[in-house]
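Work through the exercises below with the sequence and the model open. Each task is followed by its solution.

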Amino acid sequence: PPPAPDYVIKPQSEPTPADVIAAARRSGADADQSLQARLRALGEAAFAAFVRGRSDEQLDRLVGSDAGLRLIFKGMESAFLPEKADGFRGDIQYELDSRRGTRRWHLHVSDARAEAREGAAAEPAVTYRASVALFARLIARDVNPAKALLEEELQIEGDYRVAMRMEDWFGQTRAW
């Protein structure tokens, strides 16, 4: 059947307006990067909304699962900005306390890329220790990392110079 005469489709009502996508396609790589940045920002906002209002137990169950942690670390891998790492090569270790025990993951940084790997790194440059729930809240930017450090909910061991430089390796204003 034909649509109602007053039915109007507006690009502004779409999550990513059609005109933005079309402009990105027309203008090439820079627009693709801009679109990627927009999509990344939308994903981060969705994750933050998912985390807010959840209890520690819920976050532990959902984010602390094998699939949940794989999703987060693969997201970090793909969001890595090698130009911000200033040639760093090495491993960043994450030890996350969960009701399933300590979950270990690390990011191996080399050749201008980061690779997420499950398990412990042999010689990490930096090790972060936190609960799975705090980890999720830090990534969602729902908790201030300095406050978590002062309250000893977050521990950092290793090269603090590297830890401080990691702040913008993943395209965020602050990352842990």
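**Exercise 1.** Is Arg117 buried, partly exposed or exposed?

The model is predicted: local features need pLDDT of at least 70, side-chain atom pairs count only at pLDDT 80 or more, and totals for chains, interfaces and linings use all residues. Residues are numbered from 1 along each chain as its sequence is written, and side-chain values use heavy atoms, leaving out hydrogens and water.

Step 1. Buried means under 20% relative accessible area, exposed over 50%, and partly exposed in between (1.4 Å probe, protein chains only).
Step 2. Arg117 has a relative accessible area of 31%, so Arg117 is partly exposed.
Step 3. Its salt-bridge partner is Glu115, with the closest N and O atoms 3.1 Å apart; a salt bridge is a side-chain nitrogen of Lys or Arg within 4 Å of a carboxyl oxygen of Asp or Glu.
Step 4. Glu115, at 26%, is also partly exposed.

**Exercise 2.** Locate the two ends of the salt bridge between Arg70 and Glu118.

Step 1. The closest N and O atoms of Arg70 and Glu118 are 3.4 Å apart.
Step 2. Arg70 lies in helix 4 (residues 66–79) and Glu118 in strand 3 (residues 113–118), 48 residues apart; helices (H or I, at least four residues) and strands (E, at least two) are DSSP runs numbered from the N terminus.
Step 3. Arg70 is partly exposed at 37%, and Glu118 is partly exposed at 45%.

**Exercise 3.** Find the exposure of Asp111 and Arg89.

Step 1. Their side chains form a salt bridge at 3.1 Å, N to O.
Step 2. Asp111 and Arg89 are both exposed.
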